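Student: I would like to go through this model step by step. Can we start with the fold and then turn to the charged pairs?

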Amino acid sequence: MRKPHTARKADPRPGSDRRVHVDLHHLAGLEPHGNRLALLPRQPARSVLNGRHGSRLRGRGLDFLELRDYQPSDDVRSIDWRVTARTGSPYVRVFTEERDRPALLVVDQRMSMFFGSRHAMKSVVAAEAAALLSFAVLHQGDRLGGIVVTDDGVEEFRPRRSRAQVMRFLTSLANANQRLEARRPAPSPTSLDQVLVSASRLASRDHLVIVLSDFDVPGPRTEAMLSALRRHNDVILVAVSDPLADALPDDMSCLATDGRQHARLDTAEAAQREALEGVAQRRRAALDAWSRKFAISLVSLSAGAPTLPQLRRLLGLAPTQDDGQTSGKERRT
């Protein structure tokens, strides 16, 4: 007879369980997987960055290279009609792609992200995704900048093309993740307004801005600032969620805390269940509205599954045998 499964309790010490906390060693170890990802404008057909479901990536821009004689295989849209009219022979303008297209990764490590019901904490999934994307940007030769968001504020890293910059960003990210603890009193959470002020300062224009967050605590200027950021950059919102928030069970009873206050949650009570479901529904509705209104790409990452296969799937890549090598094996509840 099989013994009944008993859920393994996570070691409460920060960093002891990669489903709860991640350290710099773990994030740096994701480099081989990140090197096989690409955020360049040309994407696989299944990628969320391609077609109507993806971001309208501008690409890195084009630098003029030369004028040359028109060839039958050339696109007629590249013909320089002024030069053609002046010379009497068709000429085309040839461009080369700019080598630099900076990316800015905004990673939420506030207390609202320190939650997970199945595989890992939302904060862990966001950190792992940021590390994978950081190495993808570094590998393709672009500049990387970052913003680590905590309840104490934000830490900024200006876009640079260097491994040292990536490691500084990941060190800050790992430290912020390690500080998350249920027993730690949390100050008032950092508003999304403050986050977007930092993002606008670091990404003035022509950046790829990726925000990994649960988008808790929007402010009075969040929508206007998001619109302004999108006007000059490509913006992708990555909503990190947990399966429990997507589908509440009918008989869940637990004690929840933000480090300062405690509350008993019982989904068998209709009023509590409706209130909890309403929070998730309103947040998702706001994200959907921003996506439609400002033509911003909106994708989802779940804390209920390993990070790497989700990210590969979003980028239209086929699964590999290494896809489970991020947060370890799935936790059962």
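Tutor: One definition first: contact means heavy atoms within 4.5 Å. Keep in mind that this is a predicted model.

Student: Which strands does helix 6 lie across, and at about what angle does it run to strand 5?
Tutor: Helix 6 covers residues 192-202. It lies across strand 3 (103-108), strand 4 (144-150) and strand 5. Its angle to strand 5 is about 15°.

Student: How many helices and strands does the protein chain have?
Tutor: Buried residues make up 47% of the 333 residues. Among contacts with a separation of 6 or more, 74% join residues 24 or more positions apart. The secondary structure comes to 10 helices and 10 strands.

Student: What is the strand order of the open sheet of six strands, and which strands stand at its edges?
Tutor: The pairing is mixed, and the order is 5-4-3-6-7-10. Neighbouring strands are turned by 15° against each other on average, direction ignored. Two strands have a single partner strand each, so one side of each is left without a neighbour in the sheet. These edge strands are strand 5 (153-160) and strand 10 (297-302).

Student: In which sense do strand 4 and strand 5 pair, parallel or antiparallel?
Tutor: Strand 4 and strand 5 form a hairpin with two residues between them. Thr 150 stands opposite Gly 153 in strand 5. The pairing runs over six bridges, and its sense is antiparallel.

Student: And strand 6 with strand 7, parallel or antiparallel?
Tutor: Strand 6 spans residues 208-213 and strand 7 spans residues 234-241. Val 209 stands opposite Val 235 in strand 7. Six bridges join strand 6 and strand 7, and the sense is parallel.

Student: Back to helix 6. Which residue caps its N-terminal end?
Tutor: The buried residues of helix 6 include Leu 192, Asp 193 and Val 195. Their cover includes strand 3, strand 4, strand 5 and helix 7 (222-232). At the N-terminal end, a side-chain oxygen lies 3.1 Å from the backbone nitrogen of Asp 193. That oxygen belongs to the capping residue, Ser 191.

Student: Now the charges. Which residue forms a salt bridge with Arg 110?
Tutor: Side chains of opposite charge can pair when their charged atoms come close. Here the closest N and O atoms are 2.8 Å apart.

Student: How many residues apart in sequence are the parts tied together by Asp 214 and Lys 122?
Tutor: The two side chains meet in a salt bridge at 3.2 Å, N to O. Asp 214 lies in the loop between strand 6 and helix 7, and Lys 122 lies in helix 4 (residues 122-139), so the pair ties together parts that are 92 residues apart.

Student: Are Asp 214 and Lys 122 buried or exposed?
Tutor: The cut-off for buried is under 20% relative accessible area. Asp 214 has 5%, and Lys 122 has 9%. Therefore Asp 214 counts as buried, and Lys 122 is likewise buried.

Student: Which residue forms a salt bridge with Arg 283?
Tutor: Arg 283 lies in helix 9 (residues 270-294) and its partner in the loop between strand 6 and helix 7, so the pair ties together parts 67 residues apart in sequence. Arg 283 is partly exposed, at 25% relative accessible area. The closest N and O atoms are 2.8 Å apart, and the partner is Asp 216.

Student: With which side chain does Ser 117 make a polar contact?
Tutor: Ser 117 is found in the loop between strand 3 and helix 4. It is buried, with a relative accessible area of 18%. Its side chain makes the contact at 2.5 Å, with the side chain of Asp 242.

Student: Last one. What is the phi of Asp 206?
Tutor: Most residues other than glycine have a negative phi. Asp 206 lies in the loop between helix 6 and strand 6 and is partly exposed at 43%. Its phi is positive, near 60°.

Key
Residues are numbered from 1 along each chain as its sequence is written. This is a predicted model: local features need pLDDT of at least 70, side-chain atom pairs count only at pLDDT 80 or more; totals for chains, interfaces and linings use all residues. Side-chain values use heavy atoms; hydrogens and water are left out. Two strands pair if DSSP finds at least two bridges between them. Helices (H or I, at least four residues) and strands (E, at least two) are DSSP runs, numbered from the N terminus. Axes are lines fitted to C-alpha atoms, for helices over the stretch in contact, and angles run from 0 to 180 degrees between N-to-C directions. Buried means under 20% relative accessible area, exposed over 50%, partly exposed in between (1.4 Å probe, protein chains only). A polar contact is a pair of N or O atoms within 3.5 Å; within protein, one must be able to donate a hydrogen and the other to accept it, and residues adjacent in sequence count only if both atoms are side-chain atoms. A salt bridge is a side-chain nitrogen of Lys or Arg within 4 Å of a carboxyl oxygen of Asp or Glu.
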